[in-house]
Amino acid sequence: MTDARPSRRLAVTGGVSAALVLLATYGVFFVAPEDADQGIIQKIFYFHVAIAIVGLGAFGVAAIYGIRYLRSRDERFDEISSISIGIGLAFSVLVVITGSIWAKASWGTWWVWTDPRLVTFLIVLLLYAAYFVLRSSAEGERQARYSAVYSVAAFASVPLSFYSVRVARSFVHPVVFTQNGADMPNSMLIWFVVTLLATVGVFLTLLQIELVQRRADRALRRVKARLEATA
């Protein structure tokens with residue numbers, strides 16, 4: 001009998017996420033106040049920062065499930081780890097794109113190679129892109145084991161990127177969240193929180209879609225193998 005629970009969870013998560021995305025889009029563009037210095041282009045902040053946080057969080061999820069795989073050798077944990085890295089990598093590319101658009105409009109440049117936050121984030125992105133090169137170079141249990149170890153080791157680069165902007169404050173990239181809290185009024189903060197929740201929902205929805213698809217593929221392969229065995 002087919003387990004329908006993953007599909008039901010996906011339907012609920014997808015529905016809630018879609019509602020949050022619509023609410024966040026409406027709030028950011030029609031309710032949140034316009035920044036006095038940067039104008040309408042500042043709206044990109046809500047999506048740029050939320051995607052960055054969730055993208056780096058996805059790498060954290062990958063590391064946690066990498067550890068769980070190494071302890072249990074359960075293939076489901078390897079699947080969650082690898083899918084999380086794929087989603088985190090896609091989010092990271094979006095962060096670079098939205099950040100470059102924001103930087104060009106606000107500071108007149110697409111990229112600053114001397115800014116530690118930008119450079120360290122690019123290093124993180126390239127490290128996780130190399131994950132798939134490593135994963136494709138092995139098969140079976142070795143593939144899962146090597147991938148799990150790499151996912152844990154690569155996560156060490158995430159705190160480096162997060163704290164780099166706080167070490168060097170005189171560069172282009174601003175610090176929005178400090179030890180004293182968020183550097184924005186509550187009328188902006190509430191819509192940033194909604195956008196962040198919507199982005200978390202998108203991550204969970206994409207993760208569940210990929211898990212359901214892989215599960216369906218395995219079920220089809222098992223059916224095909226049985227049919228071939230009885231032919």
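The side chains of Glu141 and Arg73 meet in a salt bridge, N to O at 3.1 Å. A salt bridge here means a side-chain nitrogen of Lys or Arg within 4 Å of a carboxyl oxygen of Asp or Glu. Since Glu141 sits in helix H5 (residues 140-154) and Arg73 in the loop between H2 and H3, the contact ties together parts that are 68 residues apart in sequence.

Before going further, some housekeeping: this is a predicted model, where local features need pLDDT of at least 70, side-chain atom pairs count only at pLDDT 80 or more, and totals for chains, interfaces and linings use all residues. Residues are numbered from 1 along each chain as its sequence is written, and side-chain values use heavy atoms, with hydrogens and water left out.

**The chain overall**

The protein chain has seven helices and two strands, arranged along the sequence as α-α-α-α-α-α-β-β-α. Helices (H or I, at least four residues) and strands (E, at least two) are DSSP runs, numbered from the N terminus. The C-alpha trace spans about 70 × 35 × 30 Å along its principal axes. Of the 231 residues, 38% count as buried; that label means under 20% relative accessible area, with exposed over 50% and partly exposed in between (1.4 Å probe, protein chains only).

**Salt bridges**

The count comes to six salt bridges. Here are some of them:

| Pair | Closest N to O distance |
|---|---|
| Arg218 and Glu79 | 2.3 Å |
| Glu141 and Arg145 | 3.2 Å |

Glu141 and Arg145 are four residues apart in helix H5, so about one helical turn separates them. Salt bridges with shared partners join Arg73, Glu141 and Arg145 into one network. Each member is partly exposed: Glu141 at 36% relative accessibility, Arg73 at 39% and Arg145 at 27%.

Most residues other than glycine have a negative phi.

The salt bridge between Arg218 and Glu79 has its closest N and O atoms 2.3 Å apart. This pair links distant parts of the chain, with Arg218 in helix H7 and Glu79 in helix H3, 139 residues apart. Arg218 is partly exposed at 29%, whereas Glu79 counts as buried at 12%.

**A pocket and a patch**

The second largest pocket has a volume of about 380 Å³. Of the twelve residues lining this pocket, Pro6, Arg9, Arg76, Leu211 and Arg215 are the closest to its centre. For the record, a pocket is an open set of points on a 1 Å grid over the protein atoms alone, where a 1.4 Å probe fits and there is protein on both sides within 12 Å along at least five of seven lines; lining residues have an atom within 4 Å of a point. The volume is the space filled by probe spheres set on the points.

H1, H3 (75-107) and H7 (186-230) each supply at least two lining residues, and H7 gives the largest share, with five. The lining splits into five nonpolar, one polar and six charged residues.

On the surface, Tyr26, Phe29, Phe30, Val31 and Ile40 form a nonpolar patch with about 550 Å² of accessible area together. Patch residues have over 30% relative accessible area and no salt bridge, and nonpolar side chains are joined within 5 Å. Phe30 belongs to helix H1 (residues 5-31) and is exposed, at 63% relative accessible area.

Technical notes:
Patch = residues over 30% accessible without salt bridge, like charges linked within 9 Å, V, L, I, M, F, W, Y side chains within 5 Å. Areas by Shrake-Rupley, 256 points an atom, 1.4 Å probe, with all protein chains shown as cover. Nonpolar A, V, L, I, M, F, W, Y, C, P; charged D, E, K, R; others polar.
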